[in-house]
Amino acid sequence: MASHRIRLGMVGGGEGAFIGAVHRIAARLDDRYELVAGALSSTPDRAVRSAQALGLAPDRSYPDFAAMARAEAARPDGIEAVAVVTPNHMHAPAAEAFLDAGVHVICDKPLTATLEEARRLRAKANASGRVFAVTYNYTGHPLVRHARRMIRDGELGAIRVIQVEYPQEWLSTPLEQTGQKQADWRTDPARSGAGGCIGDIGTHAYQLAHFVSGLAPAQVLAEVTTFVPGRRLDDNVQVLLRYAEGARGTIWASQVAPGNDNGLRLRIFGEKGGIDWRQDQPNVLTWSPLGEAPRLIGRGTAAMNVDGQRVNRIPAGHPEGYLEAFATLYSEVADAILARRAGTALDPAVTFPTIEDGFAGVAFVDAALRSAAAGGAWVEAER
């Protein structure tokens, strides 16, 4: 029923913005939200055109997020949640404004551009009583949920090795110098923060490893490199991870790796076996029990456990991918928001990346950059 849809607003995501459309599709895929308001661009005419294209009422298209937060908080039909899909440097001020207005927040990653901002935002979010989600969308894949459950059930035994890689090729040339919008802000320290590749996709790799394994590294050692001449931020990172439980890990993230469009891959090895999952083949997980032939677990098949089945939408043989995984997070967040609306307990099976995951990602970037600046020293990430 329409009355059960969550009234959603959006900050950023207007004309020319890739991720804004992704969030809007994800929010609508399971019919849990209705987009009713937006401050869709920092450029007024672009904001107006974007709102018109999306069918927003003229009085709910705002020139900036501050005006939107004030006006929507004063309306009886004001937004209940806001999606913040701006460049990184605007995440914190926008999220803070809506938390102050009593609005739940769904924020793109990384959480903030600096660790100081992340500390402040985490404190405000935890004190607010509002739902705060960070869209590390790969955690929404059914087989990622399946892998997570396998580890929690002890099927791999004690974890020994965690390897994550996330190569892309799209910044192998100085694309930012052509005015390409996505490259321009992602390579600008003023808008992206101190981390380039490590903040953009390295945080995805870090968070996926943590989500599936349940482990957070105690120490990191990083080499951060800028290969493209004239680029102001890193475009390749290599990180070693030490876990207190004894496991060891590596993260490689690169945006200068020709032949790779979006090659996120996670491998985890324990004393009883190993798993292998790739984002570009998300409907298959390879499970290799020690001493046995590897076997493929297909999304939607009877081989998938209860956690994977819970977020599975369609039968095996019909591929699910990036948009469906993104939509899973939006639906999980919707469950949390509706539970708050009704004053009822949330199903403990519901899970999504929270403000704590967002903070951990920024702390990881900070630790990696400190390690690299120290010539590759082992450093601890803030918790």
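1. Quick definition before we start: a cavity here is a set of grid points where a 1.4 Å probe fits but cannot get out. Keep in mind that this is a predicted model.

2. The largest cavity comes out at about 50 Å³. Its lining includes R186, G196, D200, R231, D234 and D235. By class, that lining has five charged residues, alongside three nonpolar and three polar ones.

3. The second largest cavity has a volume of about 30 Å³. Around it sit N88, K109, P110, W185, R186, S192, G196, G199 and D200, which split into four polar, three charged and two nonpolar residues. Helix 7 (181-186) and helix 9 (197-213) each give at least two residues to this lining.

4. Strand 3 has parallel neighbours. Four bridges join it to strand 1 (residues 6-11), with V84 as the partner of V11. Another four join strand 3 to strand 4 (residues 104-107), where A83 pairs with I106. From strand 3 the chain reaches strand 4 by way of helix 4 (residues 91-100), a right-handed β-α-β crossover.

5. On annotation, an unreviewed UniProt entry places "domain: GFO/IDH/MocA-like oxidoreductase" at residues 144-275. That stretch is 27% helix and 32% strand, and its end C-alpha atoms lie 10 Å apart.

Note on methods
Residues numbered from 1 in each chain as written. Predicted model: local features only at pLDDT ≥ 70, side-chain atom pairs only at ≥ 80, totals over all residues. Heavy atoms only, no water. Pairing = 2+ DSSP bridges. Right-handed = clockwise from strand over helix to strand, strands pointing away. UniProt positions renumbered as here; feature names shortened; annotations may be inferred. 1 Å grid on protein atoms, 1.4 Å probe; cavity = no way out; pocket = protein on both sides within 12 Å on 5 of 7 lines; lining within 4 Å. Points joined across faces, edges and corners; volume = space filled by probe spheres on them. Nonpolar A, V, L, I, M, F, W, Y, C, P; charged D, E, K, R; others polar.
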